[in-house]
Amino acid sequence: MAGGAPLQWRVFRCRKEDRATAAARPQLMRFVIALPYLWLVVFFLLPFALVLAIALGTNAPDLAPPVELGLSLKNFALLFTDDLYVAAWLSSLRIAATATLVTLLLGYPMAYAIARARPQRRPLLLMLVILPFWTSFLIRVYAWIGLLSRNGIIEQFLRWIGLGEHAGSILGTEWAVQLGIIYAYLPFMVLPLYAALEKLDTSLLEAAADLGARPLAAFRTITLPLSAPGIVAGCLLVFIPAVGEFVIPDLLGGTDTLMIGKVLWDEFFTNADWPLASAVAICLLVLLVGPIALFQRQQAKSLEKP
Amino acid sequence: MPADTATPIVRVEGITKRFGPVTAVDSVDLAIERGELFALLGGSGCGKTTLLRLLAGFETPDSGRVFIDGQDMTGVPPHRRPVNMMFQSYALFPHMSVADNVGYGLRREGLAKRETAQRVAEALELVRLSDLGARRPGQLSGGQRQRVALARALVKRPKLLLLDEPLAALDRKLREGTRFELVRLQEELGLTFVMVTHDQEEAMSMAGRLAVMDLGRIKQVGTPREVYERPCSRFVADFIGIANILSLGDGRWLALRPEKIALATERPATAHHVAGQILDIAYEGDRSLYRVVTEEGAVLLVSSANVDRLGQTFRRTQRVWLGWSADSGQTLDE
């Protein structure tokens, strides 16, 4: 048979290739899996160890990096005894929690409206949410200075409608910081909420209505619990960075606005106290590990569901 | 007070529903009697599902009225209608257990906890799922999910149960058994079922009466036997089962079912007969289908039950006679 030999040869070659890739695969797989871990070690674990080492040292202004390594916990002790740090902590948590709540209350209806809009209009609406990212974060915060400053547009408007005489400028107050954080972090709330609400099968709401649920009851019993993963994700995406936020309180806040991120900045750059700044950073991290772990558990749970 | 038992449970008067340029339901009139299993049958896009959704209240008609148990329900939202629906996708709540799914409607009524639990247990027993109350829908098989959906719709004791393609998502084997199960439940509970299906066999075998729909209109309403034996139009004759449609001239036709035609080697003594030649034979065990071309050039389908194990056989190209009696066919005007 004339055609027999090439065919056999081809089959043989296929087998050989298969065997080769099968042997290569575990090594390749191991390498691919190792990559993120490598990334984590180089860019997270090593720097973290470095920061921890500095935090355990003492301030030495005369040395080149102003640190004398050691094993002292006095920096950490100071964080819990000095009222400044405790107050900064509490006000950071309060501002971040308020911002999270407000972005949730604003973002949920927005995400809901986008998810319920006609499919061909959704990309445009999503684009409008994402559009601010096209401008630098810093520039957007600076823009708020112009809006909020004395004789800025907002104050002029308030004066024009007859409210501004006693209001004064809110720039330099906690209100301005709060406003800036809410503005800057709203998209981070809307996007995960949209992702969760868009997946929601509308026939579930019809089934609820069919079984006698008023629209509000259907929302409470079906929409809300099924969008819970989106709510958790959105809240953490706003809360975690908002706690450590530095730029917004620095630019929009005044001297009376205490946030831990700004305290860290001052310790590091103004006071040049590296060990204390590092201790603040470590505490910030440890306190945020809780919510992050919660987030990961939620993610794992939603993956389990079919 | 709801009307007496003589009034139909559902009355639809001149109902029309448009979606943009498409008229999904086109001035439909329909009455469904108490305690019957009624099927809306038609191909995809014929408006059967829209009609069902109009009964459930998910769609509001552009014109016409819907009466349920004598009460005008036009414009009444779904949560205030004495009607429950089983969805084609089942629409089970994924974050609730089976028992919580079934009890959902009762909790919305504000029923006491203990009574809710009792009625949920009864409903689950009815569909033979008593052991699975604690499971999530995601942990059930397709057949089990279908029964949860059924229990959830039945537990509120609706005046009318709407079923949207109740068997479509099941595999073939399960479908057969579930068919009888649904009919048993309907008879046992004495409820009115309105079912939407595209499967004529399903509609014929389950329904007491059925409506054949096409292009948003009801073409014919009747018992399966009426619709099969006395179709009112070529569309219905062709849609339900197989029909040979012979032109009689003057815009009139004769619909003749394949099994109504007798196949013979000799000229039969029936009222009508025609000579022909066998083109094809499809042997199906219990019966055989023959395609016969007549002397006038028409091709007729003839079905013959293989009653006799060793009886007469026909072969291809054999010259045969076809015969049928005067009342075998249905004369059609459209």
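**A friendly note on chains A and B**

1. Let's begin with helix 1 of chain B, where K48(B), T50(B), L51(B), L52(B), R53(B), L54(B), L55(B) and A56(B) are buried. Buried means under 20% relative accessible area with a 1.4 Å probe, counting protein chains only, and helices are DSSP runs (H or I, at least four residues) numbered from the N terminus. Eight of the nine residues in this helix, which spans 48–56, are buried, so the rest of the structure largely encloses it. After the helix comes G57(B), with a positive phi near 100 degrees.

2. Before going on, a word about what you are looking at. This is a predicted model, in which local features need pLDDT of at least 70 and side-chain atom pairs count only at pLDDT 80 or more, while totals for chains, interfaces and linings use all residues. Residues are numbered from 1 along each chain as its sequence is written, chains are lettered from A in the order in which they are written, and side-chain values use heavy atoms, leaving out hydrogens and water.

3. Now look at where the chains meet. Chain A gives 20 residues to the contact and chain B gives 22; contact means heavy atoms within 4.5 Å. Together the two chains bury about 1,800 Å², with 62% of it on carbon and sulfur atoms. Buried area here is the accessible area (1.4 Å probe) that two parts lose on being put together, summed over both. On the side of chain A, E206(A), D210(A) and L211(A) lose the most area to chain B, together 39% of what that side buries.

4. How many salt bridges cross the interface of chain A and chain B? The rule finds one, and E206(A) forms a salt bridge with R53(B), their closest N and O atoms lying 2.6 Å apart. (A salt bridge is a side-chain nitrogen of Lys or Arg within 4 Å of a carboxyl oxygen of Asp or Glu.) Helix 9 (202–210) and helix 10 (215–226) of chain A are the elements that give two or more residues to the side touching chain B. Helix 10 of chain A supplies the largest share, eight residues.

5. The largest nonpolar core has 52 residues, and F76(A), L79(A), L104(A), I181(A), L193(A), V243(A) and I248(A) touch the most other members. Such a core is a set of buried Ala, Val, Leu, Ile, Met, Phe, Trp, Tyr and Cys residues joined through side-chain atoms within 4.5 Å. Helix 8 of chain A (residues 174–199) gives the largest share of this core, 12 residues. A second, separate core of 44 residues includes L205(A), L40(B), L52(B) and V196(B).

Note on methods. Buried means under 20% relative accessible area, exposed over 50%, partly exposed in between (1.4 Å probe, protein chains only).
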